[in-house]
Amino acid sequence: MPRGVEPPDGTGLLDEVLADTVRRTGASAGGLYLLDEASHVLGLAVLSGVPVEVVWPWRRVPLSASVPVSDAVREDRLVWVGSQDALARSYPRAAASLPYRFAVAAAPLPGGGRCRGALLLLWPASHPAEATPRERGHISAAARRIARFLDESGIPPALPEQPRLVPAAVAVRAHGSHGPEAAADYLERLPEGALALDLEGRITFVSTAAAALLGADAARLLGTRPWQSLPWLDDAHVEDHYRTAVISRDPVAFTAVRPPDTGLGFELYPDASGISVRIDRAAPSGGVVGSVPDRAPQSARAFSAGTAQAGRLYQLVHLAAALTETVAVRDVVELVADQILPAFGADGLVLSAADAGRLKITGFHGYDQQTIDRLDGLPLDTDLTPAGQVLAEGTPSFFSSPQEMARRHPRAPLISGKAAWAFLPLVVSGRPVGCCILSYDRPRDFSADERAVLTSLAGLIAQALDRARLYDATRDLAHGLQQTLLPRSLPDLPGLETAARYLPASHGLEIGGDFYDVIRIDAGTVAAVIGDVQGHNVSAAALMGQVRTAIHATAGAPPDQVLARTNRVLADLETDLLVSCLYAHIDLGCRKVVLASAGHPPPLLHLGDRPPGVVVLDPGPLLGADTGAAYPLTVLDLRPGATLALYTDGLVETPGADSDRVAAELALVLAEHGGQDLGEVMDALLRRARPTAHYTDDIAMLLLRMADRRT
């Protein structure tokens, strides 16, 4: 959204709330992430105190990602990282792409029984590595205050394409009787040059001496970034020094050479309003270096002793690390579209995978569907576009204009209307995996540096895509296997209401060994079973089917005997996987249930006229752990209207939470919604256990309710 334009839906107030929070907490910068529950993505909606370019790789963060904001939301806790060393230990990928000194906190935004997102705050390098209890309390209170504002304002959690940048509140400055004019006169009288940058790196003030030292007209410099308006400062190290000042709020100093041989020293002094730059003559050193004048502050000299790295390099490190963490083909497509395209200023993307001698398009961005339909399914040796040639030769092709493209592929420029292209072959061990096309709406010259970087990225994309396709194939196989093994429907039983649900994990292979079943034994007897096979793969799904078959074969026997016989079946299978299982034998006439557990979480019980709770069981060992194990029995009376909830551990076990406490709270939810349809009861249990709808493990639930009367 352009600067100065009031956002719709009252979100301008949200900007004010963030700026006020940054000021109240003493932070140097902050951001608000909103959660899109449908896509399980956190989007950076509002930013204050740092340029958008600095946080671009993190403007959209998967809820499953290993970064502070995702952990805060997923685990419902305040995350504090007090130093660069702590960041490297806990979040190495983030540390590799942000090698600056700062402290960061992330706090969830709780609201309306669900998490709305996260508050992210940054402090300069001068902040102590540990946050005091009082400070942690202030941060959590600020997050709750923002969550209340979101609930009361009704602002929809729409994720913007890029965050709105709002200025942080700046302390009132001390001025003389003539205000800014006197300050400008003071700077003009100094022999060294004075320059002022805003936090986005644009020049907001330049003294006459500074313009002379830089060899440029002051009017031409205002509003530009130094490394863009002065070609001899177009060095990655210069931009990196600026990033260090903005993020760490540390003074930074370096020298550079203005052609042909004028050495200049730069000292950067940042605060919440911008950066003051002092420029003076220095001995020429042949380029941009980290040595600094003796008068520079000690912190600046300490930083410059190390080797400065380029901001682009850090971003590429981030992209490479992100590609190694992609799981499914969908993840690869989203990463390339969300991060690699903007990193290289591209407007369009076509990602194709080699399949049965053709290029099948797996994802695209910036193209209409008609164009994609024409490109989808081209043979690997096509000459319609350069894709066939780059795959055959294994080397990328870059076209800076439609004319250059038309000389070799006359029909290609007419297909999409684009004006420049980078065709990147995706090859793994000499085997074509696919093709990645980046396109531009305007002609573009590709520098040697860009060509080299894109070529390297193509290799990483190829490996990620190849790995993701194997994952997708394995997942589809496991999913199909599991769907055939789980019951399609539950039997209609007079006197007993039943409902079941299976939810795969939100990340990972997604298919596990959780299972459930309801078995009609005779007219008045029913067996209910729920279990969990270790693992999330085809082996777990296959073993789950064998366990269900064994239970069906012995259903009707006492529960302890059913588990004991199934345990012996697992021993005969010689599997390394263990299985938890809860078996319930229900007598509908006597309204009694006999339970036996093999290391499975105990069920929840609500009897209607009594407080709900977790059933106390004496569980035996997991199936497959001990062939001679015994499984104690537990007998319960079930009154009309009584509800028994069986579930797997994915419902109650989350990082940082006490599963016993979660189970007790779910028992209260079971009672609160006792009169509702069982499907609605399951919805309520899931909302309480997983407010973000992010499942770190498979979840299976089976609810049983005794009817008020036999029908």
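**Helices and aromatic pairs in a predicted model**

Arg249, the residue that follows helix H11, has a positive phi, near 60°. Ten of the 13 residues are buried, so H11 is largely enclosed by the rest of the structure. The buried set includes Val238, Ala245, Val246 and Ile247, and also Asp240, His241 and Arg243.

Glu574 follows H21, and its phi is positive, near 55°.

Next comes a helix pair. Two packed helices are described by the angle between their axes and the distance between the axes. For H22 (residues 659–672) and H23 (residues 678–689), the axes come within 10 Å and cross at roughly 145°. The crossing is right-handed. On the H22 side, the contact is made by Arg661, Glu665, Leu666, Val669 and Leu670; on the H23 side, these meet Val681, Ala684, Leu685, Arg688 and Ala689. The residues of this contact divide into seven nonpolar, three charged and no polar.

The aromatic rings remain. A pair of aromatic rings is described by the distance of the centres and the angle of the planes. With centres required to lie within 6.5 Å, the count comes to six aromatic pairs. In one of them, Trp80 and Trp123, the ring centres are 5.3 Å apart and the planes stand at 50°, so the pair is tilted. This pair links distant parts of the chain, with Trp80 in strand E4 (residues 79–81) and Trp123 in strand E6 (residues 114–123), 43 residues apart. Both Trp80 and Trp123 are buried.

Tyr440 and Phe446 form another pair, with ring centres 5.6 Å apart and planes at 70°, so this pair is edge-to-face. Buried means under 20% relative accessible area. Tyr440 is buried, with a relative accessible area of 3%, and Phe446 counts as buried at 7% relative accessibility. Tyr440 and Phe446 form one aromatic cluster with Phe398.

Terms used
Residues numbered from 1 in each chain as written. Predicted model: local features only at pLDDT ≥ 70, side-chain atom pairs only at ≥ 80, totals over all residues. Heavy atoms only, no water. Axes fitted to C-alpha atoms, helices over the stretch in contact; angles between N-to-C directions. Helix = DSSP H or I, 4+ residues; strand = E, 2+ residues; numbered from the N terminus. Left-handed = near helix turned anticlockwise from the far one by under 90°. Contact = heavy atoms within 4.5 Å. Nonpolar A, V, L, I, M, F, W, Y, C, P; charged D, E, K, R; others polar. Phe/Tyr/Trp six-rings, centres within 6.5 Å; stacked < 30°, edge-to-face > 60°. Buried < 20%, exposed > 50% of the residue type's maximum accessible area, 1.4 Å probe, protein only.
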